[in-house]
Amino acid sequence: AVVSTQSTGETHICSSDINMSIKVEFIRLKSYQNVSSTGEIQVIGLSDLSTLAGKHVLIVEDIIDTGKTMTKALKLINEYSPASVQCASLLLKRTDKSCGYIPDFIGFSCPDEFVLGYGLDYNEFFRDLPHIAIINDAGIEHFKV
């Protein structure tokens, strides 16, 4: 059974074998505009990272592209002394632009193309597609900001 407490944001997982309390927080890391990285990470969400101190943190990511954003995010999170930090990513892009970062858990690898859908967006478009797709040049041009 899973019991969620809205007032504290904590979820309790109880079974005959497991009894633990987890807290789910959502943050958004934004580093792209059009198909290019801005070089800056914009953190949207969780205003007090000090709540991570002494906690085991699992980052659930949609895609690891070059790994630079996650490397910067991990550096930021580790400043708050969590007990541990691991990362699970749905996609890992196969690219020669990689900084070498590999997440702890990987769903699938994908080609070095701009992918979208299933939560991934291009300038806030296509996030709601029920599948993952590659945007073509015409789509990039049409939806650029």
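Reader: Why is C99 called partly exposed?

Author: Happy to go through it. In this predicted model, C99 has a relative accessible area of 41%. The partly exposed class runs between the 20% limit for buried and the 50% limit for exposed, so C99, at 41%, belongs there.

Reader: And what makes C110 buried or exposed?

Author: C110 has 6% relative accessibility. Buried means under 20%, so C110 counts as buried.

Reader: How many disulfides are there, and how is that decided?

Author: The count comes to 0 disulfides. The test is a pair of cysteine sulfur atoms within 2.5 Å, and by this rule none is counted.

Reader: What makes M20 part of a surface patch?

Author: M20 sits in strand β3, residues 19–23, and has 40% relative accessibility. Together with I18, I22, V24 and F26, M20 forms a nonpolar patch with about 460 Å² of accessible area.

Reader: Which residues make up the largest nonpolar core, and which element gives the most to it?

Author: There are 12 residues in this core, including L49, V57, I64, M70, L74, C87 and Y101. Elements giving two or more residues are β6 (56–64), α1 (68–78) and β7 (84–93). Of these, α1 gives the most, with 4 residues. Another core, of 5 residues, lies apart from it, with I63, L91, V115 and L120 among them.

Reader: What does Y101 touch?

Author: Leaving out residues up to four places away in sequence, Y101 touches I64, G67, M70, T71, L74, C87 and L92.

Reader: How do you know that D112 and K97 form a salt bridge?

Author: Their closest N and O atoms are 3.4 Å apart. The cut-off is 4 Å, so the pair qualifies. This pair links distant parts of the chain: D112 is in the loop between β8 (105–110) and β9 (115–116), while K97 is in the loop between β7 and β8, 15 residues apart. D112 has a relative accessible area of 32%, which lies between 20% and 50%, so D112 is partly exposed.

Reader: What makes E141 and K144 a salt bridge?

Author: The N to O distance is 3.1 Å, which is within 4 Å, so this pair passes too. E141 is partly exposed at 49%, as is K144 at 44%.

Conventions:
Residues numbered from 1 in each chain as written. Predicted model: local features only at pLDDT ≥ 70, side-chain atom pairs only at ≥ 80, totals over all residues. Heavy atoms only, no water. Buried < 20%, exposed > 50% of the residue type's maximum accessible area, 1.4 Å probe, protein only. Patch = residues over 30% accessible without salt bridge, like charges linked within 9 Å, V, L, I, M, F, W, Y side chains within 5 Å. Areas by Shrake-Rupley, 256 points an atom, 1.4 Å probe, with all protein chains shown as cover. Salt bridge = Lys/Arg side-chain N within 4 Å of Asp/Glu carboxyl O. Core = buried A, V, L, I, M, F, W, Y, C linked by side-chain atoms within 4.5 Å. Contact = heavy atoms within 4.5 Å.
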